[in-house]
Amino acid sequence: MLDVSGLVAGYRANSVLHGVSLQIPDGKTIAVVGPNGAGKSTLLKAIMNVVRVTAGTVRFGARDIRGMPTERIARLGIALVPEGRGVFGSLTVAENLRLGLRAAGVAAGDGALSSVLDRFPVLRARLRMSAAGLSGGEQQQLVIARALLTAPRLLILDEPSLGLSPQMVDEIFDVIHGLRADGVTVLLVEQNATRAVDLADHTYVLVSGRIIAEGAKDHLLSGDRLAAAYFGAGPTRSSKESL
Amino acid sequence: MQYLIDVLSQGSLYALCALGIALTFGVMRLINFAHGEFMMVGGYVLVVAGDIPVWAALLSSVIIVGFLAVATERIAFRPVRNADPETMLVTSFAVSFLLQSLAVLLFGSLGRSVRVFPPSITGVMHIGGLNIRWLDIITVAVTVTLLVSLMAFMKTRHGVELRAAAENFTVARLLGVKANQVIGTAFAISGVFAAATSIVLAAQRGLVEPTFGTTTMLFAFIAVIVGGMGSLPGAVLGAYALGLISVTSQALLPLGLRQFRDAFIFLVVVLILLLRPEGILRGHAARVRI
Amino acid sequence: MSLRTRRSALTVSATTALLLLAACGSPGAGGASPSGATAFVIGYAGGLSGMLEGFEKPALEAAKMAVEDINRDGGLNGKRVELITQDTKSDIDQGGPAGQALLAKGAGALLVTADYNFGGGAARAAQAAGVVAVSVGAGSPKFGVQGIGPLAFTMGTSGAGDGALTAEWAYEKRAARSAYVLLDDTTDYNKDQCRGFQTRWRELGGVLAGQDTFKNGDASISPQITRMKSLPKTPDVIAFCSYAPGGAVALGQLRSAGIDSLILTNSGMDGTYWFEKSMPELSGVALPVSASVWGDDPAEEVRRFVERYKEKTGSQPQNMYPVLAYAAVQAIVQAAKESGSTKGADMAEAMNKFTDKQLLIPVSFTKDTHIDVRRPARMLVLDQGKWKTDGLRSLKKAPPLFAE
Ligand SMILES: Nc1ncnc2c1ncn2[C@@H]1O[C@H](COP(=O)(O)OP(=O)(O)OP(=O)(O)O)[C@@H](O)[C@H]1O
Ligand SMILES: [Mg+2]
């Protein structure tokens, strides 16, 4: 579905990605993990043409989408939920959701809205509230719900569990599981690496702007390959614990 | 009490102008110094319109300035949209200079007198010892009408997109909000506000010259800063605050100090900004973006 | 990618075209080619484009007429007189460079903008080069020995004198007794006018009902009007020290607030352009000028000049500056003739001796005073939208030229 190859991208003068390639097949959940500053968010922004891409190709289905205006890429069916959420605090919850419904050119369907609200019941009670008044977890649910309302063919999540309580993280992962079960294609960037690898069909490990390892969970999680790739050293507490 | 009317009238004029500036600043982070020249063009439209019926003159002004604003965005600002703020600022100065030069070329630098409304509604009403100019009523009425319309618009689909884009342009685009469309809309509305300002200003001044909009634009710009860059309610609040400060300083300063009125106004503005560096209402400009 | 490039190329060319269009409007700088030895060259440094264009272009037209007339009558001691121009773009900082450019092209005298600040730069350049500079009509006494130097002269009259003149006229001819002073403190000329008015008004025994200030850029003077309206009695006259555009705005607001006092102002409010549509029946505005362009000047030569000017340019002059510019060229040529020299110091020496020198209008200077304090003024009075001349008046007692 999404095919990225040899991607070089970055900010102004300096490149952050040095030839990244990855494939996201239809209906699969793909994870990208890597240390802080590896370029994960930059990769997602490069796919959406938010940062400057200087080399490589980005294909979505049969189309070359590299260099397309961000909103056109979005309208083709890729929804990126950015790092740090991106709720519109000056809008109400309902307006945030409507933006997802309508901006993507989807015919306004109350059906779509209510089915998404069924998935995120807390939002239903807060529709008329200012989005700025929501808790962190609620905001994260709002942006995921908003992205789902655009009826994406590919949903990209950038660190959806960042800054959430463990309980809330569980909830978010439940949602992703649910999406997976529904056949939505998902690209997940996670800090919580082992959990992401566990969930995903296939995982890429990005370090310093390069993919240094990839594979399915069995392959990556065996023999501490992930930790080795990730940290260039022995396994850490957190990855061990998750195992 | 009489001064209160002056404050309302002056504040309304600043508010009309400030909203136009804040709208384009909101979506583009562009400080549009050509806004005063949009107003100037609106004024000249009224001059050229001459003796056609008032409503037709006003309508032409709104249409032409709205169109001019959109065209300016397409021709001048779109190519520098992703450039640094300085480049955009310089571009807006260039547009402003160009429009002024064009006005000098077409109409001369001396200015033209203009009568916007028939004499019957340029007089004064005496109500309970107060002198209320019809023009003050018109100014406030136009401002309130446009404000209410703008608030209503902001609840519509395009309005929500505009507000979202003003808060975080990139995230709005990620949701499929069309950048060109939303910026075009902002400029069109900004143009309508510039035209409305020019109508009120031309009626108040009776004269249109190439620098017609400059002073009002500068004060409105200060109102936008005081109110909180990029915040529309802030711009309105800032405008009325500025109207209050300038009328009271004119009314209360002793004669010897009155010539320093503007310095005094700016002093108050600086004090406000020292207390609230992001303006009365915090704008979105300072907020973190992805 | 190519689309983007093409689009921005289009933008660039569109912008360039517009800039060119703007540039074409201003007459080419220094169009004439001076021919040094056989001609005497006068340089005109003025705002031929930009905000002063409305004053400067008519003045330049008149200066050209003066040069033609002089050449028809044999030129300057057998030499042709030539006029070259340099546009200051109505920019104060361009004054000096414009003056230097003209001097470099061999100008033997300069005509400069009718304002101390805008014309001062070019005049200083002339002073430094030992060349006479005559301002078309600056109203500052500093435009001369005291400010720029002994080679600078102005055809204008002083703010203090103009203000005092309106005080005498209103007190004597209109029997006005109470006055309000409304000062637009944007320029020194305005301050001088109000000071001159107040000085004479007190001496005459008139009452000062109050005073206030505003700024030329003010969109509204409502607070000032509110203050004025709180007076127990509407004053007979308002000394109104301002100029168009801001002055026109403020004056209109005074009238529409129902304040009908006689307004005493200055030549910066001459013209019909600022009220003909907004207040076509406007009355009760009076101002002193050196020449009326409204067809009824007491001097026949002035009336004839205005007719010729209208014929030549096809437009009605809006103020006295064309008349002053014509006389300025005459003054320069006369000074060269009388001194028998084209050296700046000699010409200045001759101009210092002008006493009621009959040019298009009478011109007087002295060694220390390079602004005319003797010229009789015409009081222009606005009546039902028409400017009418209310006779010639000379000051009975002049206030100090400079503020203490
Ligand atoms: N707006 C920016 N301008 C310049 N450099 C940036 C910008 N954003 C990120 N970078 C740099 O690019 C590199 C990659 O950043 P990126 O945000 O893609 O990392 P990441 O893998 O998402 O990290 P994290 O886990 O912290 O989110 C870092 O070195 C960062 O400093
Ligand atoms: Mg990141």
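Trainee: How many residue pairs are in polar contact between chain A and chain B?

Mentor: Between chain A and chain B, 8 residue pairs are in polar contact, both residues being at pLDDT 80 or more. The term covers N or O atoms within 3.5 Å; within protein, one must be able to donate a hydrogen and the other to accept it, and residues adjacent in sequence count only if both atoms are side-chain atoms.

This is a predicted model, in which local features need pLDDT of at least 70, side-chain atom pairs count only at pLDDT 80 or more, and totals for chains, interfaces and linings use all residues. Residues are numbered from 1 along each chain as its sequence is written, chains are lettered from A and ligands numbered from 1 in the order in which they are written, and side-chain values use heavy atoms, with hydrogens and water left out.

Trainee: What makes Glu95(A) and Lys155(B) a salt bridge?

Mentor: Their side chains meet at 3.8 Å, N to O. A salt bridge needs a side-chain nitrogen of Lys or Arg within 4 Å of a carboxyl oxygen of Asp or Glu, so this pair qualifies. Between chain A and chain B the count is 3 salt bridges, and over all chains of the whole structure it is 38. The pair crosses between chains, from helix α3 of chain A, where Glu95(A) lies, to helix α5 (residues 134-155) of chain B, where Lys155(B) lies.

Trainee: Why is Glu95(A) called buried?

Mentor: Its relative accessible area is 4%. Buried means under 20%, exposed over 50% and partly exposed in between (1.4 Å probe, protein chains only), so Glu95(A) is buried. Of the 243 residues of chain A, 51% count as buried.

Trainee: Which class, buried or partly exposed, do the partners Asp136(B) and Arg133(B) fall into?

Mentor: Their side chains meet in a salt bridge at 2.9 Å, N to O. Asp136(B) has 4% relative accessibility and therefore counts as buried; Arg133(B), at 9%, is likewise buried.

Trainee: Why are Lys357(C) and Glu338(C) called partly exposed?

Mentor: Lys357(C) has 22% relative accessibility and Glu338(C) has 40%, so both values fall between the two limits and each residue counts as partly exposed. The two side chains form a salt bridge at 2.5 Å, N to O. This pair links distant parts of the chain, with Lys357(C) in strand β11 (residues 357-358) of chain C and Glu338(C) in helix α10 of chain C, 19 residues apart. Glu168(C), Arg200(C), Glu203(C) and Lys397(C) are joined into one network by salt bridges that share partners.

Trainee: Why is Thr24(B) called buried, and what is in contact with Thr24(B)?

Mentor: Thr24(B) is in helix α1 of chain B. Its relative accessible area is 0%, so Thr24(B) is buried. Leaving aside neighbours within four places in sequence, its contacts (heavy atoms within 4.5 Å) are Arg29(B), Leu30(B), Asn32(B), Ala186(B), Phe187(B) and Ser190(B).

Trainee: Which residues of helix α11 of chain C are buried, and what covers them?

Mentor: In α11 (residues 344-352), Gly344(C), Met347(C), Ala348(C), Ala350(C), Met351(C) and Asn352(C) are buried. The cover of these residues includes β1 (39-46), β3 (109-112), β4 (132-135), β5 (152-154) and α10 (321-339) of chain C. Here helices (H or I, at least four residues) and strands (E, at least two) are DSSP runs, numbered from the N terminus.
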